[in-house]
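Labels deserve a check against their cut-offs. The turns below go through them one by one.

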Amino acid sequence: MAVQNALENDQRDRTALSDRLGSGLGSFENVLYASVGVLLAAAGVLVLVGTVSGLVRELHAGAGSVDVAVLVLDRVLLALIVGELLYTLRFVVRTHEIAVEPFLYIGLIAVVRRILIVTAQLERGAPEGRALTNILLEFGILGLLVPALALAVFLVNRSRRIVA
């Protein structure tokens, strides 16, 4: 009887310690997510402020309309990436599970953004030799990534409909 009571007390102590540890880690997790959320929000604000200041600077410098459009489009896509990361963080905090689909969208936006930047660089002047080969290789890889990511988004959506 005394052995059984000692085992039960030991089990209760372990359970209490486990509960305290889990609670402490959960609190730390919430603080970490809140900190990341604040930093992402700050990044979003800085992207918007940088976009406006870059736009004003380019207009005062007399930059061409293509350069201004590429700058704005690049920064808008960057803001969309930050916004999608914030959405994903909010989803993780709310549901306590990580979803794949937002990361696929972030990847798709990032690939499109990079395609636009490389295209704008080519518009300014086509490089020659090895630099041209590297740019064409990058275009090829980016061109394959777009349908691959789009297919991945489609498959994730389809699998969710089949399960539901």
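Q: What makes E101 count as buried?
A: In this predicted model, E101 has 12% relative accessibility. Buried means under 20%, so E101 counts as buried.

Q: Why is the contact of R160 and E101 called a salt bridge?
A: Their side chains meet at 2.4 Å, N to O. The limit is 4 Å between a Lys or Arg nitrogen and an Asp or Glu carboxyl oxygen, so the pair qualifies. R160 lies in helix α4 and E101 in helix α3, so the pair ties together parts that are 59 residues apart in sequence.

Q: Is R160 buried, partly exposed or exposed, and what makes it so?
A: R160 has a relative accessible area of 45%.

Q: Why do R113 and D74 get the labels they have for accessibility?
A: R113 has 22% relative accessibility and counts as partly exposed. D74 has a relative accessible area of 14% and is buried. The line between the two labels is drawn at 20%.

Q: What makes R114 and E138 a salt bridge?
A: The side chains meet at 2.6 Å, N to O, and the limit is 4 Å. R114 is in helix α3 and E138 in helix α4, 24 residues apart. A search of the whole structure finds three salt bridges.

Q: Why is the pair of Y87 and F91 called stacked?
A: The planes are 25° apart. The structure holds one aromatic pair. Y87 and F91 are four residues apart in helix α2, so about one helical turn separates them.

Q: How do you know that F91 is buried?
A: F91 has 18% relative accessibility. The cut-off is under 20%, so F91 counts as buried. Y87, with 34%, is partly exposed.

Q: Which residues make up the largest nonpolar core?
A: L104, V111, L142, L149 and V153. Helices α3 and α4 each give two or more residues. α4 gives the most, with three.

Q: Why is F28 called exposed?
A: F28 has 54% relative accessibility. Exposed means over 50%, so F28 counts as exposed. With L32 and V36, F28 forms a nonpolar surface patch.

Terms used: Residues numbered from 1 in each chain as written. Predicted model: local features only at pLDDT ≥ 70, side-chain atom pairs only at ≥ 80, totals over all residues. Heavy atoms only, no water. Patch = residues over 30% accessible without salt bridge, like charges linked within 9 Å, V, L, I, M, F, W, Y side chains within 5 Å. Areas by Shrake-Rupley, 256 points an atom, 1.4 Å probe, with all protein chains shown as cover. Buried < 20%, exposed > 50% of the residue type's maximum accessible area, 1.4 Å probe, protein only. Core = buried A, V, L, I, M, F, W, Y, C linked by side-chain atoms within 4.5 Å. Phe/Tyr/Trp six-rings, centres within 6.5 Å; stacked < 30°, edge-to-face > 60°.
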